[in-house]
Amino acid sequence: MSQHEHTTPIETFLDEPDPAPGSPSQGSTAVPGFRSGPAPTTTIVGLLGLLTTIALLVTQSTDLDIPWGVVGPVAVVGAGVLLVVLGLAGLRGQRFRG
């Protein structure tokens, strides 16, 4: 008799049978609804990129000199504030949806 004959089998989640397709499972959750249309955050980031590109093209093609040392930090802070406002609006919207 070897020492491996009296070992205890280890049960894993893979050993459990799958629930039948029609039967309700214990951990079933409702499927969240999705809004149609463009995502607002992605749209705003895209618009910020477009505005930056336009500003760079205007700067390079004309004698206009944009003080990037001032405009850059203000734009970054403005984008941060905008993201915070969008996040708060999203949290408020989730509260009303359920």
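Ile 54 is located in helix H1, helices being DSSP runs of H or I with at least four residues, and strands runs of E with at least two, numbered from the N terminus. The model is predicted, so that local features require pLDDT of at least 70 and side-chain atom pairs pLDDT 80 or more, while totals for chains, interfaces and linings use all residues. Residues are numbered from 1 along each chain as its sequence is written, and side-chain values use heavy atoms, without hydrogens and water.

The protein chain contains two helices and zero strands. Of its 98 residues, 3% are buried (under 20% relative accessible area; exposed, over 50%; partly exposed, in between; 1.4 Å probe, protein chains only). The chain exposes about 9100 Å², 66% of which is supplied by carbon and sulfur atoms.

With a relative accessibility of 43%, Ile 54 is partly exposed. Ile 54 belongs to a nonpolar surface patch together with Leu 47, Leu 48, Leu 50, Leu 51, Val 58, Leu 64 and Leu 82, with about 680 Å² of accessible area in total. Helix H1, spanning residues 40-61, makes the greatest contribution to this patch, with six residues.

Thr 59 also lies in helix H1 but is buried, at 14% relative accessible area. A polar atom of the Thr 59 side chain is placed 2.7 Å from the backbone oxygen of Ala 55. When residues up to four places away in sequence are excluded, Thr 59 touches Leu 64 and Ile 66 (heavy atoms within 4.5 Å). Leu 64 is itself a member of the nonpolar patch.

Key: Patches are made of residues with over 30% relative accessible area and no salt bridge: like charges are joined within 9 Å, nonpolar side chains (Val, Leu, Ile, Met, Phe, Trp, Tyr) within 5 Å. Accessible areas come from the Shrake-Rupley method with a 1.4 Å probe; for residues, only the protein chains shown count as cover. A salt bridge is a side-chain nitrogen of Lys or Arg within 4 Å of a carboxyl oxygen of Asp or Glu. A polar contact is a pair of N or O atoms within 3.5 Å; within protein, one must be able to donate a hydrogen and the other to accept it, and residues adjacent in sequence count only if both atoms are side-chain atoms.
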